[in-house]
Amino acid sequence: MAKGDIVKSVVAYVVGQIVSRPEEVQVTLVERGPNEVLAEVRTAKGDMGRVIGRRGRVARAIRTVAQAAADEEGLVAGVEFVD
Amino acid sequence: MQWVEVRGKTIDVAVEAAMRELGIDDRDRLEIEVIQQPERGFLGLGGKDAIVRVKPKPARKRRRRRRKGKGEHAATQRGRGRENRKPRRERNGARPARSEPKEKEAATVEEREVTIEEQTRVVEEFLRGLVDAFGLEGEVKTRLEDDVIVVDVIGPQTEAMVGPRGSVIEAIHELTKTVLQRRTQTAPRVRLDIAGYAERRRQALTIYANQLIDQVLEEGGEIMLEPMSAADRKVIHDAVAAREGVRSYSEGEAPQRYVVIAKVEEDSEDSAAAEEE
């Protein structure tokens, strides 16, 4: 299993559950250091607002859950929502 | 009437788990509805668990409901104590909707009721998938308490989904509500616990609250607690409500909202606890 796989699977799953067009969700992992990954999230136009939520509530929840997933692998994870 | 919904590798496994949950050891005393037949996956992938919904059979002597004729059997009714029920729509051969005015009236109520069960399904599926995405072993159990969807994610590995001071549970709760909103355009109340954390926290908070109540009763005045989540404040309010001579209320704006425990003054009429939340 590659580094950050759990983070990627969790973020992709959650985002896919929230958007109206799950088939257009893309999550790309970027290595930022030996123990740090960044998940870049891309969605169909118009879906990003849903993923971020009012005042960023949903985005914050996704980041928290992503870090919980990263803890499973002893990593630090960030999530970036790319417009 | 309370029902529980359980998943398992096979229908039998799921039913047994449900029987343990309900504390019933005689299968004949259960009403069992199979929601999903199990499917074997290919090479362990893509299989589906069995899902059953189970509740105790109503006792014989139970008050008879007015029969509405036309092939409605008591056994297939989803008894939650409302009048004028009609068959559930969809699933396992829905009956064609009838258009008699009387049934129309009932439709709103029934519609809502069906919806909460669908909502429960959405919640359960979302959380089941999340546990899988984490690569963890765990079970998701749902039940309805009044109109609240109560969900327990259980299994030792699911500890990983709790987080410091339950922060990950809170995030997952937020996401669950978001998914419900997106999928069903509704916002039912959901209570979520993972790995028994909320229950342990509730117990610890109750003990803590009782210590503070003792202190207030002894010394008079008020004690302000630290800011807490709505769920935690509720635990404090409940603990206070269970005791004589004290009352509680909340002040401040979330996330800085906190509970105050106060001694009830002799001449005060106000012995009510927790007005709001």
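B:Thr178, leaving aside its neighbours within four places in sequence, is in contact with A:Ile18 and A:Val58, where contact means heavy atoms within 4.5 Å. B:Thr178 is found in helix 3 of chain B, helices (H or I, at least four residues) and strands (E, at least two) being DSSP runs numbered from the N terminus. At 6% relative accessibility, B:Thr178 counts as buried; buried means under 20% relative accessible area, exposed over 50%, and partly exposed in between, with a 1.4 Å probe and protein chains only. This is a predicted model, in which local features need pLDDT of at least 70 and side-chain atom pairs count only at pLDDT 80 or more, while totals for chains, interfaces and linings use all residues. Residues are numbered from 1 along each chain as its sequence is written, chains are lettered from A and ligands numbered from 1 in the order in which they are written, and side-chain values use heavy atoms, with hydrogens and water left out.

**Helix 3 of chain A against helix 3 of chain B**

- Helix 3 of chain A and helix 3 of chain B, the latter spanning residues 167-184, pack at an angle of about 130 degrees with their axes 9 Å apart; axes are lines fitted to C-alpha atoms, for helices over the stretch in contact, and angles run from 0 to 180 degrees between N-to-C directions.
- The two helices are therefore oblique to each other, given that angles under 35 degrees count as roughly parallel, over 145 as roughly antiparallel, 65 to 115 as roughly perpendicular and the rest as oblique.
- The crossing of helix 3 of chain A and helix 3 of chain B is left-handed, a term that applies if the near helix is turned anticlockwise from the far one by less than a right angle, with right-handed used if clockwise.
- From helix 3 of chain A, the residues A:Arg57, A:Val58, A:Ala61, A:Ile62, A:Thr64, A:Val65 and A:Ala68 meet B:Ser167, B:Val168, B:Ala171, B:Ile172, B:Glu174, B:Leu175 and B:Thr178 in helix 3 of chain B.
- By class, the residues of this contact divide into nine nonpolar, three polar and two charged, where Ala, Val, Leu, Ile, Met, Phe, Trp, Tyr, Cys and Pro count as nonpolar, Asp, Glu, Lys and Arg as charged, and the others, Gly among them, as polar.

**Helix 1 of chain A against helix 3 of chain B**

- Helix 1 of chain A also packs with helix 3 of chain B, at an angle of about 35 degrees and with the axes 8 Å apart.
- This contact is made by A:Val14, A:Gln17 and A:Ile18 on the side of helix 1 of chain A, and by B:Leu175, B:Thr178, B:Val179, B:Arg182 and B:Arg183 on the side of helix 3 of chain B.
- The residues of the contact of helix 1 of chain A with helix 3 of chain B comprise four nonpolar, two polar and two charged.

**Helix packing within chain A**

- Helix 1 (residues 5-18) and helix 3 (residues 57-71) of chain A pack at an angle of about 150 degrees, with their axes 8 Å apart, and are therefore roughly antiparallel to each other.
- The crossing of helix 1 of chain A and helix 3 of chain A is right-handed.
- Helix 1 of chain A contributes A:Ile6, A:Val7, A:Val10, A:Val11, A:Val14, A:Val15 and A:Ile18 to the contact, and helix 3 of chain A contributes A:Val58, A:Ile62, A:Val65, A:Ala66, A:Ala69 and A:Ala70.
- The residues of this contact divide into 13 nonpolar, no polar and no charged.

**Individual residues**

- A:Gln26 lies in strand 1 (residues 26-33) of chain A and, at 47% relative accessibility, counts as partly exposed.
- Not counting residues up to four places away in sequence, A:Gln26 touches A:Glu40, A:Val41 and A:Arg42.
- B:Leu30, in strand 2 (residues 30-36) of chain B, is buried with a relative accessible area of 5%, and its C-alpha is 5.7 Å from that of B:Lys55, 25 residues apart in sequence.
- B:Asp232, in helix 5 (residues 230-241) of chain B, is buried with a relative accessible area of 13%.

**Chain totals**

- Chain A has three helices and three strands in the order α-β-β-α-α-β, and 49% of its 83 residues count as buried.
- Chain B has five helices and nine strands, and buried residues make up 41% of its 277 residues.
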